Every structure is written in C-alpha cells, then in structure tokens.
Amino acid sequence: MSLPAAAGEALEAFARCPGWEQRARLLLQWGERLEALSDAERCSANQVQGCESQVWLLGERRDGHWHFRAGSDARLLRGLLAVLLARVDGLDAQALRAVDLADWFARLGLSRQLSPSRSNGLNAVLQRMRELAG
Amino acid sequence: MENAARFSTLRIADESVSYKNGVYNESHDDKRRRPEGLPIIHDDAPTMSLPSPWRADFPAFAAFARDGQTYLDSAATAQKPQAMLDALLGHYAGGAANVHRAQHCPGERATRAFEAARAKVAAWLNAGSAERIVFTRGATESLNLLAYGLEHLFAPGDTIAVGALEHHANLLPWQRLAQRRGLDLVVLPLDGAGDIDLEQAERLIGPRTRLLAVSQLSNVLGRWQPLDALLALASSRGALTVVDGAQGAVHGRHDLRSLACDFYVFSAHKLYGPDGLGVLHGRPQALERLQHWQFGGEMVQQADYHEARFRPAPLGFEAGTPAIGAAIAFGATLDYLQSLDGTAVAAHEAALHRRLLAGLRAVAGLRLLAEPHNALASFVIEGVHNADLAHLLAEQGIAVRAGQHCAMPLLRRLGLPGALRVSLGLYSDGNDLERFFAALERALELLR
C-alpha cells in the first residue's frame, strides 16, 4: 500500500535522527506545521476524550477521502499529531481502518510515544478519526 | 453563614481554594503538625553529594542504573527493600497456604505469619492492639470501605466535610455517598499557603457534620495539614474523623494514640511495601460502628441460605482470601524500617528536599504550586506545557510525575492543565537530583 506523500517525507526526516534530542527538535518543527485551529474549533465537541493533554480533532471528507486537522496545547504532542495526520491524510474510511498506528510510529523511531503508560492518547485520536469516517 | 457556604454534591464553590496566579502564596507560618523527631538542619552545602546510606538495600536502583533511569516518583509508588523481596519469595517458596481456615501445618504457619504482620503494623503505628488493623487492598479500598460501612449513620441533609486538596480516593467515595444519601458535601477551602483554612473550617464544620475526611500530607502540595486543630474541631461537633495517610505515613512515624482520628488509612506500596495491600486503622468504638460491606470467606461467622452472621473487625472486613504474601512481605518491610535510625532518615530526606527546592528556585520562570514541607515538590514553568517537559524528561530517563496527580478539582481551581511533581524516598540521593536538574535544563533549552 502506498503512503501519502507527507508520510514519505516524515519517514525520510525521522530516519535521519539518531538521538532523542534531534527527534524532539524535529517533532517540534512538525508541530509548527499544523494548521492553527480557531477558538471556535477548540470546543468540547471537537475534543478527543482519553488524552491527558487537550487534543482537538476535526475531519472532512472530500471526494470520499478524509482530511483531518488537529491541535493541542502541548507542542511535542502537536508534532506527534502532525506525523499521524501525515500518515492518514487523504485515506478513505476503509484504508483508515487498516492503519497500524504502532507500526507507523515504530518506523519513525517513535514507538515509546505509544507505550501503554503514556497517556498522550494517540490511539484515542486514531479511534476518533475512524468514528468520524464511520 | 453556614448555609451560604454549604453546597450540594455536584456544585463546587469557586472560593474553595484561595490562590493567586495559579500558585499558593509562600507562607512562613509553620505551626502545622510535623511528625515528631523531624530535625531542622540548615547546614548542608550545595556541593555535597548527599548519598543515601540505605540505597544499596533497594535492588531496583542497580536495575535503574543499568537502564539509565532516575527514579523520582516515590509519591506514586516506592521501591522495595531486599528484605521485603526475600520475605515474599520465602513465603511462596516455603509453601503457600490459606489463612484462618485449615488445620494443617502449612495453613497454621501462613496464619501465624499473616497475623504477625498485622501485629507489626499495629506496633509501627503504636496502635496498641492488632485488632485495630484491617487489611485492605490499598488506601483507596480502605476509604471505599468506610464510605459503605458508615453509610447507615447518615440521614439526608447531614454533611460530610473534605479538604479542597484531596486525592480522588478521599473525595469520590464521599461524593458518591453524598449522592446516594442526599447529603451535603462541604469542601473546606485552602488558605494562601495551601493548607485547609482553619477559620473557614470553623464555620463550615457544623452540628450536622457527621464526618470529616482529610489528608495528612498533600500529594500535590506537599504540605502537612493542620490535623490536630481540624480533628479537635470535628470531634467537638460530634463528627467521625478519617485521615488519609497515603503520603503522610511514608514520611516520619505517626503515633496513632496521639493522633485523635477515628480512622487512619494508608497503602503499603508507598511505604516500601508490596502493592495490593492497604491498611485501615480504626479506634475500637469507631470500628464497631462499621457495617459489613463485602461478603464471603473468613468474614462469615455463621451462614444459612437466608441469613448469616459476620465477624467483627478486623476479620469481618477482610472478605475473601486476603493478600497473604503481601501482608507477610509488608511485615518484613516494617522490620527493615524499624531497624533504621528514623532521625537519620528524616534528616536525609529533609536535606534532599532543601536541595530540591533550592535547585527549582534557580530555574527561571518556575513556580512552585505551594511551599512544600517535605517529600515532594510540584511546579509549573512559565510558557512551557507540563506534558512537553514530561516528554523530554522521560526521553532522558527521568521518572517524574506529570499531569493532575489524581486531584483534578484542585488543579482546575489552580487554573493549571497539569503540573510536574518530583518526589523523594529515603533511598533518593543528591545525584538523582543533579541528573534531574541537568535533564530539566536540556529540556528547557529545547523548548525555549
């Protein structure tokens, strides 16, 4: 299965990061790429439950393909959201259901961010995406 | 005035915590209760390494060193001494058996060891009789036991008073009880320092207050609460008193003959013991008022299909097979703690805590949530999200707690999405703090 273009870019960028510090810098940079959400969009209806830090998620379907926007107050979490959005951008509902989150973050060298005790809720975000896509 | 300050279970008064800019004001009013024997020492130079003479007794630190981890989350759970691990293994390797029911030799041995552990807990607390010690699964279960076991004493319109800084475990069982029985849950506001405000407590704890439940030492603010005054006040109004010692029990020894509460609860796992075991200490007259809440096993005295009679405390409140191995292991922990020089432990913890506070104060933009007395420090850093800091500290092998610390109402009232908490144990040392401060500096360099 071919990856969205932004996902390829993420793989290439993170593959060049040997240490935690470089990975953190890159995550911060990717977080800056998230399109800002308006105050109205940062509402409780758009909030993803299950995240310790606040996360908002919006999705829209164009020609059968899903496009998401997400935001958080925590900057590294914004970076993690950005690489997640890169992986799922433009997928249809069926492809969205097939996304293997653990595999994707492992390929980026970010497996630790998905460990069960980490409560940043990326699994909850993906779950919410699948719910939105129906 | 009492009616105005009272509110129903689901409404929360805005003034229940007083603070400025999300942080309690520093206070030099230090009249609150500290455990006896806590020394005040001000002579440690910042360059001393502050080694812990007891660190080698805890094998986890060799493992942490191999894995590059620095453990500063002892307020969540403590590491275990070798003596406890030996006892746990010894119990199972020596042959497990259930307690209080078998006539056979392994059963008698297990029962003797289990009951000896109960006696050790009683001795540690200077409780007098082991009959006062009920084993539970943890402090949380102890508090839930009380909220069910005492339910029959409450009538609609009665009030329960809790502190505004309570851990969820000492809030939600009472909130649910209030909902079940139509009670008013009164939240005792904090003063500027982060302690339950005695003047307001005087007004809020009234003749219809049937129960007061408060923490001894806050798991977020690290401040000893003014227990003596609060307990005397509640008792004078005829209320039962419950003290959550989950944090307090770990720092200094507390004499339950002089601490005038009806019930005192804590968890073994925070006091260098195993998880799955908690303690409920009750005065005999208070234990007599408890109704049974879980049924089955050795708590039964006599049973038929349509009626049954149950044992009094402690066994009557230990339904099912208790945590036998954990209780025996906890007994070994207490033997170990008993063998240490308590004054030296307190002095070490106090010196480390001063070092921690001094180092935190040197960080630009850092604000302590309150001025902690000992054990821990919770803080936020201006312009930096606590989740980002926690992320980068974890990347560097620093184990500290981030988030709301099971005290969501308190954090919400402080206007904070979360905070970081560094917490210490008797095995913590100056190098732990140095690694933490170095990692904090690198994290802030990245984030700023």
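**Figure 1. Tyr272(B) in its loop.** Tyr272(B) sits in the loop between S7 and strand S8 (278–282) of chain B; helices (H or I, at least four residues) and strands (E, at least two) are DSSP runs, numbered from the N terminus. This is a predicted model, where local features need pLDDT of at least 70, side-chain atom pairs count only at pLDDT 80 or more, and totals for chains, interfaces and linings use all residues. Residues are numbered from 1 along each chain as its sequence is written, while chains are lettered from A and ligands numbered from 1 in the order in which they are written. Look at the backbone here: Tyr272(B) has a phi near 60 degrees, a positive value in a residue other than glycine. Most residues other than glycine have a negative phi, and most peptide bonds are trans.

Figure 2. His405(B) lies in the loop between strand S14 (401–403) and helix H13 (408–413) of chain B. His405(B) isn't a glycine, yet its phi is positive, about 55 degrees. This residue is buried too, with 24 other C-beta atoms within 10 Å. Now hop to Pro314(B), found in the loop between strand S10 (308–310) and helix H10 (324–339) of chain B. What kind of peptide bond joins Ala313(B) and Pro314(B)? That bond is cis, with omega about 0 degrees.

**Figure 3. Strand S6(B) and its neighbours.** Strand S6 (residues 240–244) of chain B is mostly covered, with 5 of its 5 residues buried. Leu240(B), Val242(B) and Asp244(B) point one way from the strand, and Thr241(B) and Val243(B) the other way. Strand S5 (residues 209–215) of chain B pairs with S6(B) in the parallel sense over 5 bridges; for two strands to pair, DSSP has to find at least two bridges between them. Within this pairing, Leu212(B) has Thr241(B) as its bridge partner. To get from S5(B) to S6(B), the chain goes through helix H8 (residues 227–236) of chain B, in a right-handed β-α-β crossover. Right-handed here means that, with the strands pointing away from the viewer, the path from the first strand over the helix to the second runs clockwise. S6(B) also runs parallel to strand S7 (residues 263–267) of chain B, joined by 3 bridges. There, Val242(B) stands opposite Phe263(B).

**Figure 4. Ser215(B) and the residues it touches.** Ser215(B) belongs to strand S5 of chain B. It's buried, with 28 other C-beta atoms within 10 Å. How far apart are Ser215(B) and Asp244(B) in space? Their C-alpha atoms are 4.5 Å apart, although the two are 29 residues apart in sequence. Leaving out residues up to four places away in sequence, Ser215(B) touches several residues, among them Gly163(B), Glu166(B), His167(B), Asp244(B) and Gln247(B). Two residues count as in contact if their C-beta atoms, placed from the backbone, lie within 7 Å.

**Figure 5. Gln79(B) in a loop.** Find Gln79(B) in the loop between strand S1 (70–71) and helix H3 (82–93) of chain B. Gln79(B) is buried, with 20 other C-beta atoms within 10 Å. Not counting residues up to four places away in sequence, Gln79(B) touches Phe58(B), Ala60(B), Tyr71(B), Gly425(B) and Tyr427(B). Arg55(B) is 24 residues away along the chain, and its C-alpha atom is separated from that of Gln79(B) by 10.0 Å.

**Figure 6. Helix H6(A) and its buried face.** Over in chain A, the 12 residues of helix H6 (residues 122–133) should span 16 Å at 1.5 Å a residue, and the end C-alpha atoms are 17 Å apart, which agrees. The expected span is 1.5 Å times one less than the number of residues. Leu122(A), Val125(A), Leu126(A), Arg128(A) and Met129(A) are buried. Seen down the axis of H6(A), the buried residues fall within an arc of 160 degrees, so they line one face of the helix; the arc is that of the directions from the helix axis to the C-beta atoms. These buried residues pack against several elements of chain A, including strand S1 (55–62) and helix H3 (75–88). Just after the helix, Gly134(A) takes a positive phi of about 75 degrees.

**Figure 7. Where chain B touches chain A.** The contact takes 10 residues from chain B and 12 residues from chain A. On the chain B side, helix H12 (386–395) and helix H14 (430–447) each supply at least two residues. H12(B) gives the largest share, 5 residues.

Terms used: A residue is buried if 20 or more other C-beta atoms lie within 10 Å of its own, exposed if 12 or fewer, and partly exposed in between; C-beta atoms are placed from the backbone.
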